Amino acid sequence: MKFFIDTANLEEIKEASQMGLIDGVTTNPSLIAKEGVTDHDSHMKKICELVDGPISAEVVSTDFDGMMKEAKHLAALHKNIVIKLPMTMDGIKATKACTEAGIKTNVTLVFQPIQALLAAKAGATFVSPFVGRIDDIGRDGMQIIEEIRIIFDNYGFETQILTASIRHPHHVLRAALMGSDVATIPFKVIKQLIKHPLTDIGLENFLKDHENLKKK
Ligand code: G3P
């Protein structure tokens, strides 16, 4: 399973990519706003310099023409830019048009398996089901990953499942068990993936034993 980092924070991207685990980056207008970015294009270019893999940049237009204009502009910034388009009628039309124009896409704000099927039929490169936000309304968000995997495998769709809105390590584990192609993970959760109390205790004991041996 590929690991993308879900942030627009350059320091987080730099630190996580130094571990050698990061295959790509996803951003969205909320993550960009959180960083107070004023020059979106140059910020996206900086991200592209840090990670050599798919970098999702989201459009903010809601109509087909506006989406296509933004998509062409963003795709021209760097070869690794993937255009994030919302799961709407115009978003699906733009996905199809981008695919025909050779522009990679990530259909976002997906909350049910049939929406993912539509995105795949439109030729999306990635589809982003938001599992944490489904959990938030009292349903099991990961169930849709399982169902999308079945649908894509049934028909041989090459669209990659990008599990998004990940909130904790158990989401990542379940995504891997279910055959999600990618998990996009906030930096906080990437750090949690590494930690286990028994690792810390074990290391502490190894070091203590090593020090005691030196004293003998
Ligand atoms: O990539 C989508 C993701 O950023 C949404 O996460 O935590 O805002 O639901 P969240």
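Guide: Helices here are DSSP runs of H or I with at least four residues, strands are runs of E with at least two, and both are numbered from the N terminus. The model is a predicted one. By that count, the protein has eleven helices and eight strands. It has 216 residues, and 47% of them count as buried.

Now take helix α8. It covers residues 142-155, which makes 14 residues. From first C-alpha to last, α8 reaches 21 Å. That is close to the 20 Å expected at 1.5 Å a residue.

Next, look at which residues of α8 are buried. They are M142, I144, I145, I148, R149, I151 and F152. An α-helix has 3.6 residues a turn, so residues three or four places apart point the same way.

Then comes the end of the helix. α8 is followed by G156. The phi of G156 is positive, near 65°.

Step back to the whole protein for a moment. Among contacts with a separation of 6 or more, 56% join residues 24 or more positions apart. The C-alpha atoms fill a box of roughly 75 × 40 × 30 Å along the principal axes.

Technical notes:
Residues numbered from 1 in each chain as written. Predicted model: local features only at pLDDT ≥ 70, side-chain atom pairs only at ≥ 80, totals over all residues. Heavy atoms only, no water. Expected span 1.5 Å × (residues − 1). Buried < 20%, exposed > 50% of the residue type's maximum accessible area, 1.4 Å probe, protein only. Contact = heavy atoms within 4.5 Å.
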